[in-house]
Amino acid sequence: MISIHVQILLIILFWNSDCQIIPRIEECGLSCSQGIHCKSKPSSGIFNSFCHDAPATLSSTVLKSMKISTVMKCVQGSPCSLHLNIKGTLSLDENIRGLEICSLSLDTQQSQCTNVRFARKKSKMLNGKKVQVQFNCIEVNVAQHIYVTMKTVPNYCEVKLSQEYYVEAGKFDYKVDRTRKIISVNVSNFLRDQDYYVRLCHKWFTCEDAGAFAVIKGKESLKSVSLKYSQLLPCLCIEGWLAIPDARRIQLCPFENGKYCVLWDNIVYNPVTQTLAWEPACPVLVMVNLCRLMKSNDHCEDIQNSSKNSPEKVRAMQI
């Protein structure tokens with residue numbers, strides 16, 4: 001008896017499978033670690049736009065890191081709103097009076113800036129100590145593309161952190177009913193009164209339709225849909241996007257590791273030519289070879305010179 005042994009080598013794709021919940025806050029504000037007193041005020045960003053040469057004693061890595069996430073501000077009786085949660089680490093220095101944090105919407109070109117100032121006496125006493133600054137009062141919209149910068153005050157040339165950030169456009173939780181061939185999708189973290197589209201698709205160069213998309217109404221309390229599939233494949237993905245023009249789509253591809261996937265259905269045997277052929281239903285790199293099943297120990301021994309690496313159809317492997 002002849003069979004085909006298929007080893008799947010996973011292709012790592014770029015979609016995000018993060019399903020964490022966006023943290024909620026009741027108030028936004030500014031906080032600084034290490035017991036440093038700090039305060040913030042809005043800034044136009046104009047006065048700090050021109051940089052100066054840094055003093056010789058000032059390290060270019062005085063700004064250590066910047067991390068960006070999204071929080072949802074929810075006050076009882078009012079609609080929730082999304083805010084950037086920006087954390088930065090600064091080494092205190094006598095030449096630095098504060099920080100300027102700015103966000104620029106790459107969709108609308110609108111900017112928001114705030115100045116963070118430290119108590120000068122305490123800053124001198126803790127010269128060289130690291131302080132973490134957290135600011136979460138910059139309001140943003142769902143699926144917005146943001147460019148965030150953090151500069152010192154005064155603005156020293158080449159002492160700057162910057163990062164692009166996409167505001168979340170919904171998060172997925174899912175359950176698979178393999179008996180009924182249904183994937184139940186629950187969507188969270190998108191704002192009220194906005195409809196949301198969800199579909200299944202096959203990921204190739206683009207995500208191709210694998211059935212009709214479903215609509216989750218923003219005003220409905222139930223934020224879930226059931227989507228039928230024909231086969232569980234490594235390229236089968238869940239895709240969602242807001243019902244607005246040019247909305248950024250997010251994807252979750254839970255079967256890309258090959259677990260529960262069906263790949264054997266695409267093997268075809270031609271009795272006339274006594275050949276086997278296999279064609280992948282998904283973009284996976286595979287090593288295919290013939291093997292002979294031994295009745296003595298049920299072990300399939302590889303047939304020499306029958307191996308082939310291919311991301312495409314393996315044609316007419318002769319027995």
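Modeller: Before we look at anything, one convention: helices (H or I, at least four residues) and strands (E, at least two) are DSSP runs, numbered from the N terminus. This is a predicted model, where local features need pLDDT of at least 70, side-chain atom pairs count only at pLDDT 80 or more, and totals for chains, interfaces and linings use all residues. Residues are numbered from 1 along each chain as its sequence is written, and side-chain values use heavy atoms, with hydrogens and water left out.

Colleague: Got it. How many helices and strands does the chain have?

Modeller: There are 25 strands and 1 helix.

Colleague: What is the average pLDDT of the chain?

Modeller: pLDDT is the predictor's confidence in each residue, from 0 to 100. Here the chain averages 77, and 77% of the residues score at least 70. Residues 1-20 have a pLDDT below 50, although this stretch makes 60 contacts (heavy atoms within 4.5 Å) in the model beyond near neighbours in sequence. Where pLDDT is low, the predicted coordinates should not be read in detail.

Colleague: Okay, what share of the residues is buried?

Modeller: Buried means under 20% relative accessible area, exposed means over 50%, and partly exposed is in between (1.4 Å probe, protein chains only). By that rule, 42% of the 319 residues are buried.

Colleague: Which residues of the largest nonpolar core touch the most other members?

Modeller: In soluble globular proteins, nonpolar side chains tend to be buried together. A nonpolar core is a set of buried Ala, Val, Leu, Ile, Met, Phe, Trp, Tyr and Cys residues joined through side-chain atoms within 4.5 Å. The largest one here has 58 residues, and Leu84, Leu90, Phe118, Val185 and Val198 touch the most other members. Strand E9 (residues 130-140) gives the most to this core, with 5 residues.

Colleague: Now the sheets. In what order do the strands of the open sheet come?

Modeller: Pairing comes before order: two strands pair if DSSP finds at least two bridges between them. The open sheet has 5 strands in the order E2-E5-E6-E9-E3, with mixed pairing. Strand E2 (24-25) and strand E3 (30-32) stand at the edges with a single partner strand each, so one side of each has no neighbour in the sheet. Further in, E6 and E9 pair antiparallel over 9 bridges, and Ser91 stands opposite Lys130 in E9.

Colleague: What about E7: is this strand mostly covered or mostly open?

Modeller: Mostly covered, since 7 of its 8 residues are buried. E7 pairs antiparallel with strand E8 (residues 111-118) over 7 bridges, and Ser103 has Gln112 as its bridge partner in E8. E7 is also joined to strand E10 (residues 145-153) by 8 bridges, again antiparallel, with Ile101 opposite Met150 in E10.

Colleague: How many residues lie between E7 and E8 in their hairpin?

Modeller: The hairpin has 5 residues between the two strands. Gln109 sits in that loop, with a positive phi of about 65° although it is not a glycine. At 53% relative accessibility, Gln109 counts as exposed. Lys181 also has a positive phi, near 55°, without being a glycine. Lys181 lies in the loop between strand E12 (171-177) and strand E13 (182-188), and at 38% relative accessibility it counts as partly exposed.

Colleague: Back to E8. Why does Asn115 count as buried?

Modeller: Because its relative accessibility is 10%. Asn115 is in strand E8, and beyond four places in sequence it touches Lys39, Ser40, Lys41, Ser43, Leu99, Glu100 and Val153. Val153 is joined to Pro154 by a cis peptide bond, with omega about 0°. Pro154 lies in the loop between E10 and strand E11 (160-166).
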